[in-house]
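Below are my notes on the model you sent.

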Amino acid sequence: MTALVIVGHGTRSAEGVAQFAALVERVRTRAGGTVGDVEGGFIELSRPPLTDAVGALADRGHRALVALPLVLTAAGHGKGDIPAALAREQQRHPGLSYAYGRPLGPHPMLHTALEERIDAALAGADRADTWVALIGRGSTDPDANAEVAKVARLLWEGRGYAGVEPGFISLAEPSVPAVLDRLRRLGARRIVVAPYFLFAGVLPDRIRAQAREFAAAHPELDLRVADLIGDCDALADLVLERHEEAVRGDIRMNCDTCAYRVSMPGFVDKVGRPQTPHDHPDDPVGGHHHHHDHHHQHPEPALRPGEVAIVGGGPGPADLITVRGRELLEVADVVVVDRLAPQGLLAGLRPGVRVVDAAKSPRGPSVGQDVINTALVRHARAGRRVVRLKGGDPFVFGRGHEEVLACAAAGVPVTVVPGVTSAVAAAALAGIPVTHRGTAHEFTVVSGHLPPGHPNSLIDWAALGRARGTVVVLMGVDTIGAVAAALIAHGRAPDTPVVAVQDAGHPGQRSLPARLDGIAAVAARAGVRPPAVFVVGPVAAFAEEPALAASGH
Ligand code: SAH
């Protein structure tokens, strides 16, 4: 079941805070069974802070959230401040992911709500000689202001008002007095000022004050101020609709004229503070980054047709891939996956992406690799964007460099995206640091594929036996007995702590602690299966209480 966190900006108005809380409660009630959990929080000024809302959801076991910015238009709050606050929450809660909902407006439900507020202000007076001044917050982002103008137009369309004109209470023109004066000069006798605001706050108060002031100066006018949209069923239902969209991954924003994307006259100088990049889920890579200065802050990750990217997918959980790796996956036409690559990432691919399962290649390591290399080159030459998705880091026992060489030899452009290697991450996920001050000042990652003494082995087991640091053995399930014996023979104490970590990051993750002289027996008795790493050395004593180890004894 999904969890929804409704994110408000915050206000100095106690009434505004109460309306927000009431709306969160209303959403909870009206959701019925369609949303698993609902919380609301503010990024500044008001309580509860966002961090409490996210913390509550995390405490109840939610790791995948829909975060919905409670904003009418996409401007700095929705594009910059709220994503930045959510990024901080992700740092606080490792593994937390969120789908970001789009702004509430424009939406017919909102226009109907505005119409009702205007009707209430009219109290039966005729629409045909009523003019409406729709007053938005105003932004340094012209696109956000254009949204308010669009809502004004949509509100006029077919509803029988004499006219609807947009105005702004801050940062944009026309101001409230300016738009009211414009309507007066057009011959308006009755004007309803309709604030395009959700809840009470300093700015709606200011709209009312300026409207009253204008009315006082023009006693010939019938000037009324409509209520705010406020906490109501229509707003709660709209929140649920935006939630539903985000769950489906169907989020569209108006991007073509976004000031974070295109240079708008006078815009750059007006932005006072940096924005956090926020990419749209349906954007092609390289197309759209919400950076305040229009320059990319990290190297362009674009993958062009005919190119191959060798991408490290991390140790298993779908959210331990790098941002760049995920961006490339989002644009791939073909994804060639290994058995150890995070399978959870495949569910998020665009529809129609071809997934090639490299684990199903013909038997025999060199044959399989040849087939993969050939496939990469063939798909690239057919003009596709090819991602080769591997487990961990592509260059750590991943044969990634062989694929790079094969592409290069065929003249196919190829890039590498490093990944979080299981050599470090499997230990970390089991609570073991591969180094620790005063305990281990080195760690060595070795392949257990060939046992000590094998004629093709390139490992100096004697040196590893003499050393005092951490040894991490990959691909060692079958050879751990021989590896342990060699390490002991060359000087490691038989009671050196070892932990076997199987399926790190997966639901079935388990750790089995043992002494070096007993690890082979413990692993065999517990039925340890690949993928597993063995962490050898004093740091292994830091392993967290193993959840399932007890049942193996
Ligand atoms: N390139 C990969 C390693 C490939 S070799 C990386 O950087 O992680 C395959 C070995 O990696 C497995 O035999 C196992 O030792 C280790 N491994 C990969 N994923 C693992 C996981 N989730 N848990 C434990 N070990 C893992």
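This is a predicted model: local features need pLDDT of at least 70, side-chain atom pairs count only at pLDDT 80 or more; totals for chains, interfaces and linings use all residues.

1. Of its 553 residues, 50% count as buried. Taking contacts between residues at least 6 apart in sequence, 73% link residues at least 24 apart. The accessible surface is about 24,800 Å², and carbon and sulfur atoms account for 54% of that area.

2. Helix α8 covers residues 233-248, 16 residues in total. From first C-alpha to last, α8 reaches 23 Å, which is close to the 22 Å expected at 1.5 Å a residue. The buried residues of α8 are Leu235, Ala236, Leu238, Val239, Leu240, Arg242, His243, Glu245 and Ala246. An α-helix has 3.6 residues a turn, so residues three or four places apart point the same way. The buried list of α8 should be read with that in mind; among its entries are Leu235, Leu238 and Arg242. The cover over these buried residues includes the strands β1 (3-8), β3 (64-69) and β4 (97-100), along with the helices α1 (14-31) and α4 (108-122).

3. Helix α6, residues 176-185, has as its buried residues Val176, Val179, Leu180, Asp181 and Leu183. These pack against β5 (130-136), β6 (163-168), β7 (190-195) and β8 (222-225), and also against helix α7 (202-217).

4. Two packed helices are described by the angle between their axes and the distance between the axes. For α4 and α5 (residues 142-156), the axes come within 10 Å and cross at roughly 65 degrees. The two helices are therefore roughly perpendicular to each other, and α4 passes α5 in a right-handed crossing. On the α4 side the residues involved are His111, Leu114, Glu115 and Ile118; they meet Val151, Leu154 and Leu155 in α5.

5. The second pair is α2 (residues 50-59) and α3 (residues 76-92), whose axes come within 10 Å and cross at roughly 45 degrees. That makes α2 and α3 oblique to each other. The crossing in which α2 passes α3 is right-handed. Leu50, Thr51 and Val54 in α2 meet Ala85, Leu86, Glu89 and Arg92 in α3.

6. Where are the cis peptide bonds to be checked? One joins glycine 105 and proline 106, with omega about -10 degrees; proline 106 lies in the loop between β4 and α4. Another joins proline 530 and proline 531, with omega about 0 degrees. Proline 531 is in the loop that runs between α16 (519-526) and β18 (532-536).

7. Leucine 171 has a phi of about 65 degrees and sits in the loop between β6 and α6. Leucine 171 counts as exposed because its relative accessibility is 61%, the cut-off for exposed being over 50%. Methionine 475 has a positive phi of about 55 degrees, in the loop between β15 (470-474) and α15 (480-489). With 43% relative accessibility, methionine 475 counts as partly exposed.

8. Is histidine 379 buried or exposed? At 2% relative accessibility, histidine 379 counts as buried. The residue is found in helix α11 (residues 365-381). Apart from neighbours within four places in sequence, histidine 379 is in contact with Val334, Arg354, Val356, Arg384 and Val386.

9. Arginine 212 lies in helix α7 and is exposed, with a relative accessible area of 55%. Arginine 212 and arginine 224 stand 12 residues apart in sequence, and their C-alpha atoms are 8.6 Å apart in space.

Methods. Residues are numbered from 1 along each chain as its sequence is written. Side-chain values use heavy atoms; hydrogens and water are left out. Buried means under 20% relative accessible area, exposed over 50%, partly exposed in between (1.4 Å probe, protein chains only). Contact means heavy atoms within 4.5 Å. Accessible areas come from the Shrake-Rupley method with a 1.4 Å probe; for residues, only the protein chains shown count as cover. Helices (H or I, at least four residues) and strands (E, at least two) are DSSP runs, numbered from the N terminus. The expected span of a helix is 1.5 Å times one less than its number of residues. Axes are lines fitted to C-alpha atoms, for helices over the stretch in contact, and angles run from 0 to 180 degrees between N-to-C directions. Angles under 35 degrees count as roughly parallel, over 145 as roughly antiparallel, 65 to 115 as roughly perpendicular and the rest as oblique. A crossing is left-handed if the near helix is turned anticlockwise from the far one by less than a right angle, and right-handed if clockwise.
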